[in-house]
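Q: Can we go through this one together? Here it is.

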Amino acid sequence: MANESTPEARLKKYKEDLAKMALSEGKQLKSPNPIDSQKSANGPTVVGVPPTTTTTPPREHIRPPQTLVSPSKAELREPMVSSRKKRGDESRTTSKSKASRNRIMMKAREKAIDGQLQDVKDRKALLELHLEKKKITKDEYDTEMKALVEEGQNLLREKAELDRALSG
């Protein structure tokens, strides 16, 4: 079987492979842990009992570990950098693209106005139904109808302005 080796042997092989990969990429691997090197040199150690034969180096000389970046992670970071550059280019859009964007926004506003006009028509029909069923009085009907007519006229004016802007 392939997994017949001991965990220590597998760990040692793993560290050797990492060191080879680091050398092939031209990078330095982080320094090995002094405790691990002592453990492998002295054999298994008991937790809680410090080794008496060796001394640990002073803490001030230990540097933070250098990490390896896998090629796939480096590849994933490249589109992020290039997408940031593209966003900067978008700020320099031509007036033609701005005009087309404005035209699209006007068409969207026109569709919204159509929807609001349909809503006014539906409310008018509901108001007439309430008057027929005598759920509201004639005075309430008149005031509500006046408000609906005013809202509808404002929407029609705005739609006419948009039509002129879109056609011209």
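Q: Leaving out residues up to four places away in sequence, what does Ile-113 touch?
A: This is a predicted model, so keep that in mind. In it, Ile-113 touches Leu-155, Glu-158, Lys-159 and Leu-162.

Q: And which residues of helix 4 are buried?
A: They are Met-106, Glu-110, Ile-113, Leu-117, Val-120 and Leu-127.

Q: What do they pack against?
A: Helix 5, residues 138-167.

Q: Why might residues three or four places apart point the same way?
A: An α-helix has 3.6 residues a turn, so residues with that spacing point the same way.

Q: Which residues make up the largest nonpolar core?
A: There are 11 in all. They are Met-106, Ile-113, Leu-117, Val-120, Leu-127, Tyr-141, Met-145, Leu-148, Leu-155, Leu-162 and Leu-166.

Q: Which elements give two or more residues to this core?
A: Helix 4 and helix 5. The largest share comes from helix 5, with 6 residues.

Q: Which side chain of opposite charge is nearest to Glu-110, and how far away?
A: Lys-159, at 5.0 Å.

Q: New topic. How many residues has helix 4, and how far does it reach?
A: Helix 4 covers residues 95-132, which is 38 residues. From its first C-alpha to its last it reaches 55 Å. That is close to the 56 Å expected at 1.5 Å a residue.

Q: What follows helix 4?
A: Lys-134 follows helix 4, and its phi is positive, near 60°.

Q: Zoom out. How many helices and strands does the chain have?
A: The protein chain has 5 helices and 0 strands. From the N terminus on, the order is α-α-α-α-α.

Q: What share of the chain is buried?
A: Buried residues make up 9% of the 168 residues.

Q: Last one, on contacts between residues at least 6 apart in sequence. What share join residues at least 24 apart?
A: Among those contacts, 57% do.

Key. Residues are numbered from 1 along each chain as its sequence is written. This is a predicted model: local features need pLDDT of at least 70, side-chain atom pairs count only at pLDDT 80 or more; totals for chains, interfaces and linings use all residues. Side-chain values use heavy atoms; hydrogens and water are left out. Helices (H or I, at least four residues) and strands (E, at least two) are DSSP runs, numbered from the N terminus. The expected span of a helix is 1.5 Å times one less than its number of residues. Buried means under 20% relative accessible area, exposed over 50%, partly exposed in between (1.4 Å probe, protein chains only). Contact means heavy atoms within 4.5 Å. A nonpolar core is a set of buried Ala, Val, Leu, Ile, Met, Phe, Trp, Tyr and Cys residues joined through side-chain atoms within 4.5 Å. Lys and Arg count as positive and Asp and Glu as negative; His and the chain ends are not counted. A salt bridge is a side-chain nitrogen of Lys or Arg within 4 Å of a carboxyl oxygen of Asp or Glu.
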